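Please keep the sequence and the three-dimensional view at hand while reading.

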Amino acid sequence: MDRSPPSASTTASARLATFFAHPGWGVFSRSMAAIFGGYALAAVTCVFCALALPGARGQTVLTGMLVAIVVCACAALWAFASRTALRAWLGIALPTVVMAAVAWALGAWA
């Protein structure tokens with residue numbers, strides 16, 4: 001058993017861990033993931049659909065916008081249905097990054 005006095009960094013990290021262990025921070029994080037992550041995912045989905053779908057440019061843009069509305073709603077559902085806040089962020093951020101990379105490869109933002 002270690003009876004040495006705790007160092008300042010150990011005490012600070014323990015206080016920080018207990019501060020973020022409060023359930024309100026999980027709700028706040030999930031809300032931010034739903035709002036900002038969902039918006040980013042919807043925006044990238046719109047760009048991705050406009051570039052990846054075949055057809056006239058106006059039709060693909062309109063289709064991308066309609067799909068983005070559904071994706072944004074599903075992102076909000078995912079943020080609160082996932083087991084942890086980290087999974088919520090990863091479940092929204094990973095598809096956003098993948099679709100942005102593919103859209104960039106297809107010529108978006110050139």
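Which residues does Arg57 touch, not counting residues up to four places away in sequence? Arg57 touches Ala50 and Leu51 under that condition. The answer comes from a predicted model, as does everything that follows.

**The chain as a whole**

The secondary structure of the protein chain consists of 4 helices and 0 strands. Read along the sequence, the pattern is therefore written α-α-α-α, with helices defined as DSSP runs numbered from the N terminus. The chain has 110 residues, of which 25% count as buried. Its accessible surface comes to about 7500 Å², and 76% of that surface belongs to carbon and sulfur atoms. Among the contacts with a separation of 6 or more, 64% are made by residues 24 or more positions apart.

**How the helices pack**

Two packed helices are described by the angle between their axes and by the distance between those axes.

| Helix pair | Angle between axes | Distance between axes | Crossing |
|---|---|---|---|
| H2 and H3 | about 160 degrees | 7 Å | right-handed |
| H3 and H4 | about 155 degrees | 8 Å | right-handed |
| H2 and H4 | roughly 20 degrees | within 9 Å | left-handed |

Helix H2 spans residues 23–52, helix H3 covers residues 57–81, and helix H4 covers residues 85–105.

The axes of H2 and H3 form an angle of about 160 degrees. Because angles over 145 degrees count as roughly antiparallel, H2 is roughly antiparallel to H3. By class, the contact of H2 with H3 has 20 nonpolar, 5 polar and 2 charged residues.

The angle for H3 and H4 is about 155 degrees, so H3 is roughly antiparallel to H4. In this contact, Ala75, Trp78 and Ala79 of H3 meet Arg87, Ala88, Gly91 and Ile92 of H4. These residues divide into 5 nonpolar, 1 polar and 1 charged.

What is the direction of H2 relative to H4, roughly parallel or roughly antiparallel? The axes of H2 and H4 cross at roughly 20 degrees. Because angles under 35 degrees count as roughly parallel, H2 is roughly parallel to H4. The contact of H2 with H4 has 16 nonpolar, 6 polar and 1 charged residues.

Ser29 has its place in helix H2. Is Ser29 buried or exposed? The relative accessibility of Ser29 is 19% and the cut-off for a buried residue is under 20%, so Ser29 counts as buried. Leaving aside neighbours within four places in sequence, Ser29 is in contact with Ala85 and Trp89. Ser29 and Thr84 are 55 residues apart in sequence, and their C-alpha atoms are 9.9 Å apart in space.

Arg57, the subject of the opening question, lies in helix H3. Its relative accessible area is 53%, and because values over 50% count as exposed, Arg57 is exposed.

**Residues in helix H4**

Thr96 is found in helix H4. With a relative accessible area of 13%, Thr96 is buried. Which residues does Thr96 touch, not counting residues up to four places away in sequence? Thr96 touches Ala40, Leu41 and Val44 on that count.

Leu94 also lies in helix H4. Its relative accessible area is 52%, so Leu94 is exposed. The C-alpha atoms of Leu94 and Leu41 are separated by 9.4 Å, although these residues are 53 residues apart along the chain.

**Summary**

The predicted model is a chain of 4 helices and 0 strands. H2 is roughly antiparallel to H3, H3 is roughly antiparallel to H4, and H2 is roughly parallel to H4. Of the residues described one by one, Ser29 counts as buried and Thr96 is buried, whereas Arg57 is exposed and Leu94 is exposed.

Technical notes:
Residues are numbered from 1 along each chain as its sequence is written. This is a predicted model: local features need pLDDT of at least 70, side-chain atom pairs count only at pLDDT 80 or more; totals for chains, interfaces and linings use all residues. Side-chain values use heavy atoms; hydrogens and water are left out. Axes are lines fitted to C-alpha atoms, for helices over the stretch in contact, and angles run from 0 to 180 degrees between N-to-C directions. Helices (H or I, at least four residues) and strands (E, at least two) are DSSP runs, numbered from the N terminus. Angles under 35 degrees count as roughly parallel, over 145 as roughly antiparallel, 65 to 115 as roughly perpendicular and the rest as oblique. A crossing is left-handed if the near helix is turned anticlockwise from the far one by less than a right angle, and right-handed if clockwise. Contact means heavy atoms within 4.5 Å. Ala, Val, Leu, Ile, Met, Phe, Trp, Tyr, Cys and Pro count as nonpolar, Asp, Glu, Lys and Arg as charged, and the others, Gly among them, as polar. Buried means under 20% relative accessible area, exposed over 50%, partly exposed in between (1.4 Å probe, protein chains only). Accessible areas come from the Shrake-Rupley method with a 1.4 Å probe; for residues, only the protein chains shown count as cover.
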